[in-house]
Amino acid sequence: MINLSRRDILRSAGGLLLGFAFPTSPEFLEYNPEGSSDRGADGEWLGAYVCIDPHGMVTLRVPASEMGQGVHTSLPMILAEELDLDIRAVRVEMAPNSTAYAHPSEVGKTQLTAGSGSVRGWWGPMAIAGATARAMLIEAAARRWAVPAESCTTANGKVSCGAQNATYGDLAVEAAGLSVPHATPKPRESWKLIGTEPQRLDIPSKTNGTAVFGIDVKVPDAVQATVLHSPVFGARLVSVDDTEARKLPGVIDVLHFKGSAQGHTTDFVAVVADTFWHARVAIVSVVAKWEGGRPDLDDKVISQELLAGLDQRGQTCKKVGAPARAIEKGVTYEVPYLHHATMEPLTCTAHVHDQGVELWAPTQAQSFTERAVAAVLGVAHDKVLLHTTFLGGGFGRKSEVDFVVEAAQIAQAVGKPVKVTWTREEDFAHGFYRPAFAARLTGAVDAAGKITDLGTRLSGPNILTRFLPFFLDGLPFGFFVGENFFDLPYAVPNQRLEYNLLDLPIPTGFWRSVSASHNGFFRECFLDELADRAGVDPVQFRLNHLADSPRHYNAVKKVAEMADWEHREGRFLGIAIVESFGSIVAEVAQVRIEDHLSGATPGVDGITVHVEKVWVAFDCGRCIHRGIIKAQAEGSVGMGLSVAFGERMSIVGGASATPNFYAYPVLKLGQMPEVEVEVLEGAPDDPGGVGEPALPPIAPAVCNAIFAALGERIRSLPIAGQSTKRGKLFV
Amino acid sequence: MPSFILNSRSVSVDVDPETPLLWVLREQLGLTGTKFGCGAGQCGACTVHLDGVPTRSCITSVSGVEGRSVTTIEGLDHPVQDAWIAEQVPQCGYCQSGQIMAAAALLDAHASPDDAEVNEWMTNICRCGTYARIRKAIRRAAGVRMAPELPEPALAVPSPTTGTP
């Protein structure tokens with residue numbers, strides 16, 4: 001890594017990147033408020049994020065991927081605030097892959113959109129960058145007019161001093177030539193834009209078909225491809241018979257690749273054709289033989305292995321006080337593998353030529369991808385240029401590198417630009433699933449209704465074993481896989497947390513809210529069981545244990561008020577609160593139970609659970625755009641409810657048995673409750689994440705509400721199909 | 001060579017008549033606003049209007065639209081799109097072309113749909129969970145139009161499936 005001066009670091013990103021010796025690509029992620037597409041910004045760069053052209057058009061560059069969480073509006077707002085710009089008058093551009101855009105956290109120089117961390121991570125640096133660019137523009141004006149810089153003001157893209165003014169466009173060249181000053185961002189009290197709710201800049205293009213997603217990229221002379229992997233997880237490719245496939249119309253080639261030595265990809269077959277449709281038809285005729293994996297694995301075996309992990313002592317992750325030993329005798333909770341099911345299937349366009357590798361991908365992980373492609377293709381990493389498009393959903397699946405590395409390998413073999421599009425069946429069959437997981441929980445409450453002991457034993461795969469194999473040797477990891485128990489907000493004097501790792505060949509990965517997606521469910525349902533045992537109201541029970549966690553306390557109080565918990569006669573409510581990614585979210589769900597009448601058999605054959613309304617109290621510390629936060633809360637509730645209601649990946653013969661949406665029921669509009677969100681600005685100097693935290697509480701809130709309605713506990717997901725005394729559950 | 005009316009102009013495509021309309025639109029005709037989500041008619045991301053009726057183009061062969069009128073999101077100019085912006089509906093945006101095509105057809109068939117009608121008609125999948133805002137945008141567009149009740153369409157509309165285990 002070259003040791004760049006501060007000036008170079010601030011200025012070089014634009015210059016170096018625009019100086020790549022590549023043919024300029026026609027598709028570069030960008031949009032402006034008018035919705036048209038064109039090239040990367042051309043003008044004077046004041047730091048890594050701000051470019052001003054001679055006409056005064058300001059381009060703000062965003063280092064994070066836009067996948068629906070609104071960062072292509074919220075992050076530009078920080079820059080626009082500091083530069084006193086009208087957010088509707090700027091052009092926004094996605095950053096290419098560069099360490100200049102590495103996420104400002106401790107985790108290495110990595111450009112990555114994940115962990116609900118974009119605004120949290122980039123707020124500070126972007127505010128400074130914006131303030132610095134403004135200071136340079138003012139300095140340029142001050143020198144030109146021979147006035148003190150302190151007498152200059154900025155508004156609407158102009159610097160003024162008394163009667164004199166000049167546009168940013170007019171000043172940009174002089175400003176860019178100045179030495180880089182130290183500048184401090186505006187104080188909160190001066191904010192004019194942050195805290196308002198401007199319309200998202202990318203929404204118009206997403207209502208008229210012009211937004212370019214990865215799957216929409218068009219590169220001249222590109223051919224199309226689709227891919228096939230082993231149906232059985234972990235199996236190797238033994239032989240390929242492509243005789244029939246090659247006879248089909250449009251087929252250019254049939255290729256196969258061994259999984260990469262670094263583990264970025266598994267063995268796969270690719271059909272290259274003139275159109276995706278021709279490739280898709282042809283791949284069905286490829287006869288591929290695979291060997292290995294675990295064909296003995298099915299849902300029953302997986303469940304047995306998960307539960308076996310609950311019957312043995314696990315590695316102790318946390319011990320407080322003198323907890324009781326008998327976790328074996330607790331209650332059992334279990335949840336299945338989940339698929340991300342992004343609406344845009346996996347896709348990537350790649351072009352490998354003698355100057356390097358050019359990629360267009362809907363990716364969350366620019367740095368990991370760049371490094372993986374460089375390693376697998378054997379090229380220098382600065383020869384990899386990655387254009388990030390809009391993502392049609394990410395949720396963690398598109399932070400994997402497999403689909404991009406495969407496209408690069410195919411492009412290298414074909415020698416032309418190739419767009420790879422996965423079928424939905426391949427997408428379902430080759431996910432990095434949210435692990436199936438189980439928990440056994442024990443607890444004791446005293447005569448005063450306080451929890452005296454909480455014992456938790458967790459069993460399941462650890463998604464980090466793929467990256468850090470030493471987890472298999474049992475190094476401490478309670479903070480990760482034991483999230484929500486490791487950092488218990490409730491005052492409990494005796495606690496034990498154990499974990500038994502289950503190692504299976506089914507690929508697992510980061511799925512929206514990660515460990516909190518299962519641990520939040522286990523914990524908040526069990527907490528309700530303890531409240532019931534103590535004979536205390538579930539809201540009051542939580543408040544009684546949160547005296548030392550004031551933000552949790554306030555969120556519970558707030559959401560209970562919103563739902564009018566105290567006057568809930570005739571309504572069935574359930575509450576849950578989960579902290580994740582630096583935010584605390586409390587939710588109350590209201591359910592209604594109705595007899596279910598099926599046409600198949602006369603009379604009532606079960607009961608339908610309707611979730612009528614959900615209240616959300618969202619403490620994310622500092623806020624930029626409450627409208628975006630509310631949208632994320634609504635969406636997280638929708639996705640978490642979908643999981644609670646009906647989602648599970650089924651495994652048969654060691655392979656996915658869930659080929660498409662007809663076997664994986666994602667929530668429909670008719671099942672979506674009304675959602676009311678209040679954003680609590682809890683601790684303003686401690687910003688929390690927004691994209692994930694509202695997902696974990698919904699499943700336990702709904703199951704707790706079902707208990708209020710039926711008097712029966714739901715201890716596994718999905719809800720649909722389970723038996724109760726009143727019959728089978730429908731959703 | 002299959003030919004049909006696309007967004008009010010005549011087109012003719014040199015393609016196998018069994019090719020799904022979705023891929024003819026995206027590949028031969030270069031219109032990428034209509035999206036691929038599942039290829040099995042399950043998700044609705046590929047929804048276009050066929051003679052005004054919302055139709056899943058991934059399971060409609062191009063021969064099936066011979067001589068008929070197809071409208072895609074690129075050819076739509078409908079008040080529901082303004083409502084979509086006013087309510088800030090899209091998150092990732094990928095399913096939204098299909099959602100808008102379905103919603104526009106709903107409002108053209110029923111000027112003031114009630115909640116039950118909206119639930120039955122709008123079966124497109126949204127993974128980001130924008131459903132609450134989709135409902136609001138449809139209500140908003142219905143309120144804005146205030147047109148007299150339109151006659152029922154001549155062609156049958158697809159019957160939706162409800163969520164059951």
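This is a predicted model: local features need pLDDT of at least 70, side-chain atom pairs count only at pLDDT 80 or more; totals for chains, interfaces and linings use all residues.
Tutor: Residues are numbered from 1 along each chain as its sequence is written, chains are lettered from A and ligands numbered from 1 in the order written, and side-chain values use heavy atoms, without hydrogens and water.

Student: What makes β15(A) and β20(A) a pair?

Tutor: Two strands pair if DSSP finds at least two bridges between them (strands are DSSP runs of E, at least two residues; helices are runs of H or I, at least four; both are numbered from the N terminus). β15(A) and β20 (residues 437-445) of chain A have five bridges, in the antiparallel sense, so they pair by that rule. One bridge links Tyr333(A) to Ala439(A).

Student: Why are β14 and β15 of chain A said to stand at the edges?

Tutor: The open, mixed sheet has the order β14-β22-β21-β20-β15 (chain A). β14 (315-320) and β15 (331-335) each have a single partner strand, so one side of each lacks a neighbour in the sheet.

Student: How do you know that β18(A) is largely enclosed?

Tutor: Buried means under 20% relative accessible area (exposed is over 50%, partly exposed in between; 1.4 Å probe, protein chains only). Five of the five residues of β18 (residues 384-388) of chain A are buried, so the rest of the structure largely encloses this strand. Leu386(A) is among the buried residues on one side, and His387(A) is among those on the other.
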